[in-house]
Amino acid sequence: MNMSVKFPEDSKSKHLSAEQIAELGQKIDAIRREIMDSIGEQDAKYIYKIRDFVRYSEIASRGMLMFGGWIPPVWLAGTGLLGLSKIVENMELGHNVMHGQFDWLNDPTLNGANYDWDTMATGDDWKYTHNYIHHTYTNIVGKDHDVGYGLIRVSESQKWEPRFLFNIPLTIQLMVFFEWYVGLQNLHLEDAIAYKTKTWKQVWADSEKFRKKALRQVAKDYVFFPLIAGPNAIPVFAGNAVANVIRSLWASAVIFNGHFTEDAETFELDNTENETRAEWYLRQIRGSSNFSGTEWLHILSGNLSHQIEHHLFPDMPANRYAEAAPKIRALCAEYGINYNEASFMKQFGSVWVRLAKCSLPNSWTASVEQSKQKLKTLFHF
């Protein structure tokens with residue numbers, strides 16, 4: 001079979017024949033139809049509750065910072081609540097609405113084409129880099145810019161460069177300033193900084209939409225709200241800055257857990273233009289990771305705790321992924337496909353193991369693995 005991508009040889013998933021892949025695709029389609037046909041009032045109530053939480057938590061948190069921000073416990077509570085509000089708006093509201101998951105409501109405020117979230121990335125840029133590029137070419141090295149964001153090395157298929165020796169510190173600062181990196185992602189700054197295939201004049205011209213959005217965001221959080229707070233300007237400024245970092249740290253951790261765990265596969269481009277829907281489904285499963293947790297953990301992650309299901313059904317209301325997950329897990333067991341799921345902390349730990357391995361050239365990593373195997377044999381463990 002002439003597959004659309006080259007799958008890793010050391011995969012935990014079994015090789016499937018063309019017939020098996022087609023059959024798998026039909027069963028996944030059936031799961032999608034069953035759930036999508038049942039979407040209705042409960043899903044509408046859910047997203048309106050989420051939107052109400054975002055609105056009222058932002059009002060409450062900004063009020064606390066403006067009128068009591070000089071009191072340390074109030075500042076901590078207000079900053080924490082604002083960070084929480086920004087996380088839910090970013091993950092469970094904005095991300096999912098912009099996927100068109102709630103277009104069927106015919107509510108202009110929850111329409112994927114109109115919604116623009118409270119972060120540096122413009123809606124249009126995000127929908128291109130994420131909804132189109134990432135979800136079409138998921139984890140294909142050289143096509144999906146989310147594979148390393150042009151900054152870090154997360155796959156042995158990426159060419160090693162000396163700068164990747166700093167994979168770990170680069171990742172840490174990527175997490176701290178994540179909203180800025182996502183906002184700038186569509187500009188491919190690495191082409192100007194590292195590869196010299198793009199001029200800074202081109203970058204400036206391409207950045208017009210981002211510059212306008214960033215100016216609005218900076219003016220809102222760091223000028224307008226501190227200004228109207230009067231004597232509480234400094235606590236408000238600091239609270240807004242910390243809340244934005246809280247959101248960046250959380251959002252990046254969730255996204256890394258969904259894509260960069262040790263068992264999340266990356267792929268080499270072959271003939272993707274001939275990829276069938278069933279083959280695309282298989283790639284989504286093998287390239288994604290889930291993490292388990294409480295209902296609130298799922299909400300705070302935008303239900304990207306079910307990253308496998310999100311990659312299979314990006315336009316399905318995310319609150320229904322928990323319903324799809326057991327069915328997809330059972331299908332994976334039936335066909336011998338690794339269903340990559342573990343606790344949040346276990347997945348997060350494996351992300352850093354992968355980043356550490358990818359910081360070294362492949363030959364070095366192979367030598368380390370050989371030494372580990374020899375030690376295991378020598379000491380019988």
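Biologist: Where does histidine 188 lie?
Modeller: Histidine 188 sits in the loop between α6 and α7 (190-193). Helices here are DSSP runs of H or I with at least four residues, strands are runs of E with at least two, and both are numbered from the N terminus. This is a predicted model, where local features need pLDDT of at least 70, side-chain atom pairs count only at pLDDT 80 or more, and totals for chains, interfaces and linings use all residues. Residues are numbered from 1 along each chain as its sequence is written, and side-chain values use heavy atoms, with hydrogens and water left out.
Biologist: What is phi of histidine 188 near?
Modeller: Phi of histidine 188 is near 50°, a positive value in a residue other than glycine. Histidine 188 counts as partly exposed, at 28% relative accessibility. Buried means under 20% relative accessible area, exposed means over 50%, and partly exposed is in between (1.4 Å probe, protein chains only).
Biologist: And what about asparagine 106, buried or exposed?
Modeller: Asparagine 106 is exposed, with a relative accessible area of 69%. It lies in the loop between α3 and α4, and its phi is near 55°, again a positive value in a residue other than glycine.
Biologist: Aspartate 118 next. Where does that one lie?
Modeller: Aspartate 118 is in the loop between α3 (72-97) and α4 (123-136). At 15% relative accessibility, aspartate 118 counts as buried.
Biologist: Which residues is aspartate 118 in contact with, leaving aside neighbours within four places in sequence?
Modeller: Lys86, Glu89, Gln217, Lys220 and Arg247, once those neighbours within four places are left aside. Contact means heavy atoms within 4.5 Å. With glutamine 217, there's a polar contact from side chain to side chain at 2.8 Å. A polar contact is a pair of N or O atoms within 3.5 Å; within protein, one must be able to donate a hydrogen and the other to accept it, and residues adjacent in sequence count only if both atoms are side-chain atoms.
Biologist: OK, on to helices. How many residues of α11 are buried?
Modeller: Nine of the ten residues of α11 (residues 277-286) are buried, so this helix is largely enclosed by the rest of the structure. Among them are Trp280, Tyr281 and Arg283.
Biologist: And what covers the buried residues of α4?
Modeller: The cover includes α3, α6 (178-184), α9 (208-228), α10 (233-259), α11 and α13 (307-312). The buried residues of α4 include Trp126, His130, His134 and His135.
Biologist: At what angle do α5 and α10 pack?
Modeller: About 125°, with the axes of α5 (residues 167-176) and α10 7 Å apart. That makes α5 oblique to α10. Angles under 35 degrees count as roughly parallel, over 145 as roughly antiparallel, 65 to 115 as roughly perpendicular and the rest as oblique. Axes are lines fitted to C-alpha atoms, for helices over the stretch in contact, and angles run from 0 to 180 degrees between N-to-C directions.
Biologist: Which residues meet there, in α5 and α10?
Modeller: Thr171, Leu174, Met175 and Val176 in α5 meet Val245, Ser248, Leu249, Ser252, Ala253 and Phe256 in α10.
Biologist: Last one: how far apart are the C-alpha atoms of histidine 15 and leucine 65?
Modeller: They're separated by 56 Å, and the two residues are 50 residues apart along the chain. Histidine 15 is in the loop between β1 (5-6) and α1, and at 72% relative accessibility it counts as exposed.
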